[in-house]
Amino acid sequence: MDKILAKKDYSRWLEKLGSYRIFAPRKRDDVWNYEMVTAPDAERLEDVMTAVPAKGIVFPQREPFFEFAETDDGTRITEILPEGEPVVVFGVRPCEGRAVTLTDDVFGGEFEDHYYWKRRNATTLVGLSCGAPPSPNCFCLSVGGSPHSKEGLDLLLTDLGKTYYAEALTKKGEKLVLEGQKLFTAPGPEDRKAVDKIQAASRKKIRRELSRIENVPAKLRGMFDSPFWDDESMSCIRCGICTYLCPTCHCFDMADEVETSTPLLGKRVRTWDTCQFPDFTMHSSGHNPRPDKASRLRQRINHKFQYFVEVWQKYQCTGCGRCISLCPVGIDIIQVVEKVRDHGA
Amino acid sequence: MGHNVYLPKPAKILEIKEEVGGVRPIKTFRTSFVDGAAFSYRCGQCAMLSVFGKGEVMISISSSPLDKDYLQFSILKTGRVTTALHEMEAGDIIGIRGPYGNGFPLEEWKGKQILFAGGGIGLAPLWGLVHMTLGQREDYGPLTLVYGARTSQDIVFRGELDDLKKKMTVHLSVDVAESGWNEFVGFVAQNVLDKKPSPQNSIAITCGPPIMIKTVIKALKDLNFEDGQIYTTVENKMKCGIGKCGRCNIGRHYVCKDGPVYSWAELKKLPQEY
């Protein structure tokens, strides 16, 4: 279902979505992030790359799983499932839509993660196709994506200057258009042409490329014990930014937060975690299978470009460039993977 | 949606047995679910135990699926949760979820002679298997256990090992000579070489500290065991137990879900990162 929405009607559309919690990119202290917005202050959709990806809306950084309590009747465990209120996220980059399809794989399968799916099923992702790359480090084309990829999105908007071209991609996306249906009009043939023109042009504006990576998974298999990883990880300060802000990274910790100890009352809580921290893999004996920065950088690259490919037949990277732009010491995943590709050549 | 995979079920500690004292104490816990529910599992699988307020720890199940009345875990006191477990008493409540992991491919081993080679607390994951094969004795060939510990005081299941000697071949060892010890002195791998088990129609399963596993595998190779005849169990730090939290992987494998049991033929193909 393709429709046209005048930009001046964008905020009126949001007013119609009163039954949803609405998230959109907002700037605070010079940093863009998805924040909950109220309809009246949303004037337009911002064409930006947020620092924290939209993954946090379906997979929050901190999530209580259950409460445990010692009572006179024994130990009581009370599940704390999210309510699953309807959520719309506006301005999702196509690379983030693709990333959600990867976390769907991880949190689905034999052991379905109820916390993730309760939120995920209630979330409608409204993508904004990239007229120009929102980051100088965008490289979506190199990892199978594009500035106007539809994967994982429910609705894709393309900015045509005075209007948005809206493509509803799923039932959830159609529902969103129907909520404000009087505001939408049918597109003319010239509108589709304009979209095609913008999309063709936007592909050419992407400045970074990670080419010829088909052999990288095989290359990585042969480089496990290479001193290459020592050299590449030398500058790492193990802050974990590359993984926390990655839209595809899903690693987490589970820990008990105690509110009172007698009688015992507390919660088991999931929080984001990262393979870049030394204690991520450290056994209680002190043995650590990944004891140094080299083995931890290798794990990050291998997971994204070898292990995930072996399991799911796709890269665990959608080319958003956050780990490059936000790394405090300039470790650049494109350069690292290019060196892997060219290693021993 | 099915049941919530992260929710543990309350279980009562029925009985605690002190196996080993000293600075590296080991205790065996027998538990059963408060609601009386059954727990179906395979030999070699693990369960995630909760001490509420402390957290969770993945522990191999040391009872056998033939034991219907309890789930048994033999636990070395080493970290936050295992320390808390060691402070608990019979009647206390823990949480259990699982079972997790692949377990031993017992169906493929029928008709074969089986060598168990364990060191220290590494006898725990083998213990259920020993009892399962003994309980279905007619399905397997000769059974042999080679087990060693640092000293005689570090031997787990001490009393039960004496009983076991009446039912199968048991070779014990301690690392260094001590008075009153009249069995083998040396490491488990040396004891395996000394006893020269035949690889003919055999399966060997080894479990223990990483260095012991490596040396036992080498010993078995020296005795002409094929890679596919040698099995081991791997452990890594775990949180979720279901292949999502990302920390126990060896290459593409999550040990919690795809392991912990590997043949050496499989394990040698993975990155040696465990």
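**View 1. The contact between chain A and chain B.** In this predicted model, 38 residues of chain A and 32 residues of chain B form the contact; two residues are in contact if their C-beta atoms, placed from the backbone, lie within 7 Å. On the side of chain B that touches chain A, 14 residues are nonpolar, ten are polar and eight are charged. Ala, Val, Leu, Ile, Met, Phe, Trp, Tyr, Cys and Pro count as nonpolar, Asp, Glu, Lys and Arg as charged, and the others, Gly among them, as polar. Residues are numbered from 1 along each chain as its sequence is written, and chains are lettered from A in the order in which they are written. Local features need pLDDT of at least 70, side-chain atom pairs count only at pLDDT 80 or more, and totals for chains, interfaces and linings use all residues.

**View 2. The two domains of chain B.** Chain B is assigned domain 1 (9–100) and domain 2 (106–233), with bounds from an automatic or database domain assignment. Their C-alpha centres are 23 Å apart. Between them, 15 residues of domain 1 of chain B are in contact with 15 residues of domain 2 of chain B. On the domain 1 side, β1 (9–20) and β5 (71–76) of chain B each give two or more residues; strands are DSSP runs (E, at least two residues), numbered from the N terminus. That side has seven nonpolar, seven polar and one charged residues.

**View 3. Surroundings of A47(B).** Not counting residues up to four places away in sequence, A47(B) touches I59(B), I61(B), L71(B), I96(B), R97(B), G98(B), P99(B) and Y100(B).

How values were computed:
Helix = DSSP H or I, 4+ residues; strand = E, 2+ residues; numbered from the N terminus.
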